Amino acid sequence: MNAVIYARYSSDNQREESIEGQIRECTAYAERNGITVVRHYIDRAFSAKTDHRPDFQQMIRDSNKKLFEIVLVWKFDRFARNRFDSANYKMILKKNNVHLISVMEPIAEGSQGILVETLLEGMAEYYSAELSEKVIRGQTENALKGKCTGGTGTIGYKIDADKFYRIDPLVAPLVLEAFQRYDNGEKIVEILNYLNAKGVRNMLGGKLTCSSMNTMLKNRRYIGELSFRDTVVPDAIPAIVPKDLFDRVQKRLEKNKRAPAHGKADEEYLLTTKLFCGKCGALMFGESGTSATGRTYYYYKCATAKRRKGCNKKTVQKEWLENLVVQETMKLIHDDAVIERIVQLVMDFQNQENTTIPLLEKQLREVDRKLDNLMKAIEEGLFTRTTKERLDALEAQKDELTAKIADEKLRKPSFNADFIRFWLMKFRKFDISQQKQRKALIEIFVNAIFLYDDRMLITFNYKDGSQTIRFEDALTTTETVGNSSDLSGSARPQKSHDEASENDAHRGFLHLHRRFSMIRDICKDELFLARKAAPASPEDLSIAQDLLETLIAHKDGCVGMAANMIGAAKRIIAVEGEDGYLVMFNPVILKKSGPYETEEGCLSLTGTRKTKRFQTIKVQWQNEKFQTRIKTFTGWTAEILQHEIDHCDGILI
């Protein structure tokens with residue numbers, strides 16, 4: 001990821017060395033976390049109480065150019081000390097998908113202040129959304145009445161003074177002819193040249209292009225249909241093109257449509273800059289990888305591990321981890337006691353932070369007291385030129401203080417407890433399937449996440465707001481709410497209590513360990529594959545994790561794998577059976593019956609080969625707890641197991 005460094009010092013007892021120190025700390029942080037610094041923005045002798053800082057303003061403007069994703073500051077007070085400015089500019093960075101990181105404060109001190117800033121952001125967004133809703137309501141009414149809902153217009157129509165669509169008698173026949181020509185087999189470029197030669201222009205006065213021709217041929221307004229957002233009104237405006245002709249054109253467009261480009265999708269990693277490796281403390285960033293089947297997998301990876309600098313933290317599946325964080329955050333929001341604690345903390349924080357208004361209000365009370373005393377003196381007959389001047393001076397002072405208080409309140413809005421509570425309650429109604437709402441929950445309430453192999457520690461944006469989640473405990477939660485992918489995939493027949501418990505425990509292993517595994521390359525070295533595998537031990541659990549993840553990545557063309565197929569000469573196999581995925585340690589066939597001939601293929605080998613298999617086999621193996629299990633398998637599952645156990649014995653088909 002690319003970053004810029006913002007450094008600043010004010011004129012009060014700070015020098016150039018302060019800038020150098022800030023840049024040195026920020027640069028070291030970037031190097032530790034694999035971040036590339038592309039530019040420095042430096043303001044010298046400027047206070048953070050004002051936003052009139054040249055390089056600061058340039059940085060905010062540049063954030064919209066998509067040249068960097070992170071702004072590094074030494075401490076948050078280098079960015080802004082004015083709460084309103086801080087909220088405003090953080091909101092701008094956020095909209096430009098740029099994260100602000102303090103290298104000395106990975107967990108913000110006084111993090112309840114983030115909630116105050118978010119209230120300010122929320123108010124601005126609320127009023128913006130309210131205005132947008134009113135505009136949408138008005139435009140929807142226009143659509144229902146057949147009126148123009150805005151935009152540059154449509155070729156072939158004119159908009160009258162009352163905003164109704166009227167057919168352009170000169171251009172509409174040419175639009176109809178364009179549809180007819182395309183329906184008769186002409187190419188778009190030929191029709192395009194014809195219309196340009198006839199003087200047809202787009203709504204901005206320019207010549208038509210292939211893009212504008214495609215837009216024209218797909219525009220449903222030509223059959224009289226008017227739409228705005230989710231509102232569709234048939235026969236709302238005069239039609240230019242008959243419906244049957246329009247439908248034939250759509251079929252030809254669909255037939256001639258080029259396959260979409262397989263470009264890399266912009267995947268949003270919601271925990272970026274908040275997720276830290278529990279082993280080494282480095283940031284964890286988003287990663288992706290593509291399997292042999294073309295499927296893309298998304299992970300979070302430790303920056304230190306990525307640079308192979310000594311940390312062995314495994315990658316973690318993105319969707320599962322984000323789901324878990326969102327669920328824990330929603331639990332927090334639904335806790336009434338927590339809500340009340342946050343309300344009180346925000347109120348206390350506001351009172352502690354705003355020292356200017358109480359001082360001004362104290363001065364105003366003193367002026368009011370003096371005015372009252374002076375008025376009593378005047379009422380008793382002590383009205384002279386001096387008392388008049390004094391009265392005028394006090395009234396002028398009162399006006400000045402009143403104006404200052406009003407200005408300060410505008411710059412630093414404060415909120416009462418009822419408003420804060422109302423604002424917090426809104427989050428209980430969030431739809432966590434919506435990416436925008438998931439992102440808002442994490443940005444507002446989550447301060448930092450420390451990820452270990454068996455647990456994670458989430459710190460929230462309020463005092464004592466932390467939660468440790470053990471992944472074994474999280475399995476039940478994620479399965480209940482349906483936000484964790486179940487590897488078994490299909491419904492299963494009812495089992496006895498003992499058998500169900502065994503399978504549930506095994507699925508727990510699959511759920512837990514899949515999150516901390518990686519997809520490995522398929523080994524095609526026949527000399528290596530011909531070696532007999534060594535017995536597996538509990539130290540080889542990570543190999544089983546990787547084997548299972550690699551099998552799942554190739555599930556479109558593979559139903560079983562042995563560890564030597566991913567380069568590990570250990571007696572471990574993973575198969576997809578009738579009851580889902582099964583991992584076996586040290587499998588051995590005890591008995592077999594019903595021989596038959598068949599042909600099999602293998603990811604590690606080319607083509608298919610004939611081999612002998614048995615219809616029924618009895619297998620002994622160890623589960624992930626290295627408890628011995630024995631079971632009889634038949635049919636397709638038996639054939640898969642024989643193939644993978646052959647791999648363990650160095651036998652190639």
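User: Is Gln-317 buried or exposed, and what is its relative accessible area?

Analyst: A residue is called buried under 20% relative accessible area, exposed over 50%, and partly exposed in between, with a 1.4 Å probe and protein chains only as cover. Gln-317 has a relative accessible area of 11%, so it is buried. This is a predicted model, in which local features need pLDDT of at least 70 and side-chain atom pairs count only at pLDDT 80 or more, while totals for chains, interfaces and linings use all residues. Residues are numbered from 1 along each chain as its sequence is written, and side-chain values use heavy atoms, with hydrogens and water left out.

User: What do the totals for the chain say about burial and about contacts?

Analyst: Of the 653 residues in the chain, 43% are buried. A contact means heavy atoms within 4.5 Å. Among contacts between residues at least 6 apart in sequence, 66% join residues at least 24 apart. The chain has 21 helices and 20 strands.

User: Which residues of α9 are buried, and where do they fall around the axis?

Analyst: The arc is taken from the directions that run from the helix axis to the C-beta atoms. In α9 the buried residues are Leu-245, Phe-246, Val-249 and Leu-253. They fall within an arc of 100 degrees, so they line one face of the helix. Their cover includes α6 (172-183), α7 (188-197) and α8 (210-218). On the other side of α9, Lys-251, Glu-254 and Lys-255 are exposed.

User: Which residues are buried in helix α2?

Analyst: In α2 (residues 54-62), Phe-56, Met-59, Ile-60 and Asp-62 are buried. Their arc of only 165 degrees around the axis puts them on the same side of α2.

User: In what order do the strands β16 to β20 form their sheet?

Analyst: Strands of a sheet pair through backbone hydrogen bonds, either parallel or antiparallel. Two strands count as paired if DSSP finds at least two bridges between them. Here 5 strands form an open sheet in the order β16-β17-β18-β19-β20, with antiparallel pairing. β16 (560-562) and β20 (628-634) are at the edges with a single partner strand each, so one side of each has no neighbour in the sheet. From one strand to the next, the twist averages 35 degrees. Strands β18 (residues 580-601) and β19 (residues 608-622) pair over 13 bridges, and Ser-593 has Thr-616 in β19 as its bridge partner.

User: Which strands does helix α21 lie across?

Analyst: Axes are lines fitted to C-alpha atoms, for helices over the stretch in contact, and angles run from 0 to 180 degrees between N-to-C directions. Helix α21 (residues 635-648) lies across β16, β17, β18, β19 and β20, at about 90 degrees to β19. Helix α20 (residues 541-553) lies across β16, β17 (572-577) and β18, at about 35 degrees to β17.

User: What is the phi of Lys-66, and what is the phi of Asn-586?

Analyst: Phi of Lys-66 is near 60 degrees, a positive value in a residue other than glycine. Lys-66 lies in the loop between α2 and β3 (70-73), and counts as exposed at 52% relative accessibility. Phi of Asn-586 is near 55 degrees, also positive in a residue other than glycine. Asn-586 is in strand β18 and counts as buried at 16% relative accessibility.

Key: Helix = DSSP H or I, 4+ residues; strand = E, 2+ residues; numbered from the N terminus.
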